[in-house]
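Work through the following exercises with the sequence and the structure open beside you, and try each task before reading its solution.

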Amino acid sequence: MTYYLVIFAAGFAGSFHCRGMCGGFACALGRDPRGRTATVERHLLYNVGRLTTYCFLGAVAGALGEVLCTSQGLKIPVLNGPLDTAQRFLAIAAGLLMIVMALQFFGLLQGFHRVAVGFGGSTLAASLRNLLKSESPAAPIAFGVFNGFLPCPLVYAFAAQAASTAAPLPGVLIMLAFGLGTFPAMLMMGGVGQVLTPVWRQRGVWLAGSFILLLGLITLGRGVLPFAAHVGHAWATGPGG
Amino acid sequence: MTKRGDHLCSHCLLPIGLRAMQRTVNGEECAFCCYGCCIAFLVKHGQSEEWEAARLLIRLGVGAFLTMNIMLISLLLYAGTFSGADAWLVPWIHLLLWIFATPALVILGEPYLRETWTQAAQGRVTSSALVVLGVGAAYAYSIFATIERSEQVYFDTATMVLMLFTIGSYIEAAGRAKAARDLEPLLAAESECATVVDEGSETRRPVRDIGAGMLVRVRPGERVPVDGVVLEGLSHTDEAVITGESRQVAKRVGSAVIAGSINLDGPLLIQSSGAGSATRWAQICRSVRDALSRRSPIQRIADRVVGVSVPFVLILGGLTVAYWAQLMPFDQALLVGLAVLVVACPCAVGLAAPLATSLGIGRLARCGCLVRDPGTLEALARTRLLAFDKTGTLTSGRSRIVGIESDGAGTDEVLARAAGLERHSEHGLAHAITMAAAARGLEPVVTSDVRAVPGRGILGNADGQSMAAGNSALMSDLGWWLAPALRERARSLEASGHSVIYVGWAGRVHAVLSLDDTPLPEAHSTIEELRSLGLHVTLLTGDLAPAARRVAAVVGIEDMQACLSPEAKRAALDQYRQSYEVVAMVGDGLNDGPVLADADVGIAVGSATDLARETASLVLPPGGLWMLPWVIAVASMVRKTILTNLMWAFGYNLVALTLAVLGLLQPVLAAAVMASSSLLLVVNSLRLSRLPDPAPSALPGRLPSAEPDSVRRALGVPVMSGPAIERG
């Protein structure tokens with residue numbers, strides 16, 4: 001459980017980073033002229049759409065991880081550990097990816113950030129504006145679904161984490177925890193607009209970076225360190241842990 | 001009315017085939033060639049208040065929402081999350097999937113269903129029928145399985161296949177539009193706006209509303225909308241679309257500018273010299289639009305293959321299901337059948353030719369070369385023999401003086417007197433004489449009482465003496481004395497195909513001017529280049545043999561036939577066709593219309609006539625003979641691209657179909673494979689847009705490109721060369 005709480009917290013802290021792109025959309029979605037309930041409904045629908053995309057990505061990442069691992073199926077008999085070779089490699093790759101993502105939250109590796117966010121983002125973002133003004137009750141949900149696919153380092157990081165678990169269920173749960181973590185901030189921004197000073201926003205980003213760095217290091221550790229494998233694995237799979 | 005004519009897709013500019021879709025975007029009727037283009041266009045151009053655009057996106061979004069939920073739950077199911085103690089949940093989860101899948105199918109499948117329906121109503125079966133049938137079968141079976149509480153349902157497959165098809169067609173359409181973006185300015189020419197300056201105020205008006213005398217402002221980077229003269233400003237323009245050469249031409253006050261050229265560095269104020277819709281640029285754009293909406297032979301074959309393949313695939317799918325149903329449970333056999341239907345969707349085959357030919361036509365048009373239809377490019381690529389007309393094609397078509405035979409008079413005196421007479425004449429040969437005198441800095445002798453004798457020549461008075469210039473008939477009419485040596489010389493010149501003008505004054509013929517058409521400076525290198533492309537080159541002319549032989553020798557053609565009537569030329573082409581199969585004829589489009597029309601590819605150089613009435617199927621810009629090797633290279637490249645496209649499309653389909661029939665391909669994977677096959681063709685065709693520009697500098701004998709405009713124009717008219725005149 002702790003594991004998912006950490007991810008929830010990372011999502012929460014990281015969502016202040018989202019203000020730039022997703023938060024902007026949430027603000028643009030704005031208030032419903034029909035009143036407060038309608039506004040809340042609108043933003044809930046939007047966030048549910050976003051959450052669905054995240055969960056879907058988590059499930060696919062987890063399933064892909066599973067396919068990669070079971071098709072290899074090479075156990076290391078010496079270690080007799082619970083992880084096979086492919087899963088170790090997956091953990092190393094995911095861990096490294098998360099560390100890279102975390103570092104850019106601290107303002108490092110900006111070039112990589114551009115590559116990650118620049119890819120296809122502008123087209124998608126431009127087309128999304130079409131949906132903003134639509135009166136249709138289904139528009140916010142569609143908007144949220146597309147929004148979820150916008151390139152975002154946070155999503156990449158947690159999708160990588162989901163893949164390293166090598167099963168759909170934990171993949172979904174990771175993204176669910178992360179997505180729910182972003183809920184409060186996005187709802188807040190949607191409803192109230194600008195509430196946080198830049199200083200606090202920066203602190204939130206750093207906090208999110210620290211969480212992701214921590215998760216990345218643990219994931220990497222699961223792949224690299226033979227003795228840590230058991231611990232890390234238990235931590236990741238044990239729902240009560 | 002649609003913006004770009006009725007036959008081209010509003011998004012990717014390809015001809016609209018059977019799968020046309022109509023939508024209203026931003027208050028304008030738009031037609032699309034496929035569902036993908038429809039989505040891509042609305043996403044790109046649809047305005048937020050546009051109901052249609054938003055509705056489509058909402059539908060896709062909601063469809064994606066449902067599909068993702070189905071996929072997510074199905075993945076958990078496959079992973080065995082609901083096994084053991086939770087197994088009692090499974091039927092309920094199936095029910096949930098059903099509830100999700102039904103609206104998803106309605107939302108995502110509607111365009112496919114509608115297309116299938118409208119086509120079926122016209123007695124046709126298209127590829128969307130394959131999708132509808134396959135997905136429908138998977139859905140129907142899954143309902144049955146849910147009610148029966150069996151272990152496996154395929155709602156995820158049904159919705160995912162639809163989703164992937166939709167996304168695939170969107171990505172492909174986006175790629176196609178990227179490929180076609182070079183065509184955009186060509187098609188938009190007439191609906192483009194120009195900044196008209198009227199008494200100090202500037203208004204934007206459509207180009208077609210611009211008439212002669214209007215003032216137009218052209219900012220740097222803009223295209224010059226009309227032919228005209230610069231009134232204000234200093235700049236450079238790129239006239240590639242008219243001359244074929246991409247280089248900077250300096251423009252100052254008084255310079256003529258051509259519609260379609262691009263203003264590079266400074267703002268210009270232009271006075272229009274004609275109607276905006278009558279420029280060569282507008283004509284190029286019209287012809288491109290016409291050409292794009294036509295179909296080439298390969299395209300027709302491909303369309304036929306697509307038409308035949310759909311029923312074939314339906315039967316194959318049915319047989320596959322029937323076969324596998326004997327070896328495995330029915331639901332799995334059905335899945336194999338679905339994979340067959342999905343993967344055999346022949347979209348890529350239909351796309352192979354039009355994309356490549358559209359790109360080729362656009363590429364040529366941007367250098368001023370007009371193509372009548374896509375078939376021309378294919379025929380040109382297969383051409384093995386090029387027959388040239390002489391006059392106006394390999395030669396300048398304008399005579400110049402090549403010799404002066406005189407009797408008792410100086411060369412300069414003869415020229416000055418002849419020029420004094422001939423400057424009153426409009427005749428083509430007269431122009432050559434006055435130009436020759438001017439080139440030598442001679443003052444024409446002042447001549448009075450000038451009168452033309454039709455079919456004979458021209459008479460006048462100078463310094464109290466009567467003067468005459470014309471043919472031998474004029475001289476014998478006048479009864480003027482002609483020295484026997486001069487008579488003999490004139491006769492032999494005439495026999496060798498020269499034009500001859502007798503010049504006389506005071507009762508005596510003093511000189512004989514011989515004029516000849518001169519080969520273009522670039523003719524030799526062009527012929528050489530064509531030969532290096534493996535083409536056989538020949539000369540077919542109506543002129544006398546000696547003249548033809550002279551030109552053939554200069555430009556380097558060994559094979560020639562002279563004294564041919566138009567009928568004889570056609571017969572000669574037929575003769576060549578027997579040994580070379582595909583033959584092309586190059587002419588000036590004026591005298592040789594029937595021959596150009598009769599050739600497999602008729603190529604007109606510099607023809608000013610409207611392409612719609614033109615007998616040639618390919619028109620090069622004036623002075624564009626040097627571009628011919630490049631045009632042929634482009635045509636071969638287009639043909640090669642079409643063939644590789646077809647190879648990919650068929651090969652890909654065959655391999656994937658085999659795998660699907662053998663049951664080795666998951667339906668969802670098959671849908672992804674199908675989407676990527678079309679994308680592959682787009683990428684392959686995109687290579688065409690990277691073709692190099694024609695390079696005149698590589699040809700020896702061309703003018704250096706730094707030549708100022710004025711010098712270039714002066715050289716365009718024949719100037720008598722020094723040594724030729726000394727022969728007298």
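The expected span of a helix is 1.5 Å times one less than its number of residues, and helices (H or I, at least four residues) and strands (E, at least two) are DSSP runs, numbered from the N terminus. This is a predicted model, in which local features need pLDDT of at least 70 and side-chain atom pairs count only at pLDDT 80 or more, while totals for chains, interfaces and linings use all residues. Residues are numbered from 1 along each chain as its sequence is written, and chains are lettered from A and ligands numbered from 1 in the order in which they are written.

**Exercise 1.** Compare the reach of helix α4 of chain B with its expected span.

*Solution.* Begin with residues 127-148, which give α4(B) 22 residues. Next, take the distance from the first C-alpha to the last, which is 32 Å and close to the 32 Å expected.

**Exercise 2.** Determine how the axes of α9(B) and α11(B) cross.

*Solution.* The axes of α9(B) (residues 297-325) and α11(B) (residues 347-365) come within 8 Å and cross at roughly 170°. The two helices are therefore roughly antiparallel to each other, a term for angles over 145 degrees.

**Exercise 3.** State what share of chain B is buried.

*Solution.* Count a residue as buried if 20 or more other C-beta atoms, placed from the backbone, lie within 10 Å of its own.

Key: Axes fitted to C-alpha atoms, helices over the stretch in contact; angles between N-to-C directions. Parallel < 35°, antiparallel > 145°, perpendicular 65-115°, else oblique. Buried ≥ 20, exposed ≤ 12 C-beta atoms within 10 Å, placed from the backbone.
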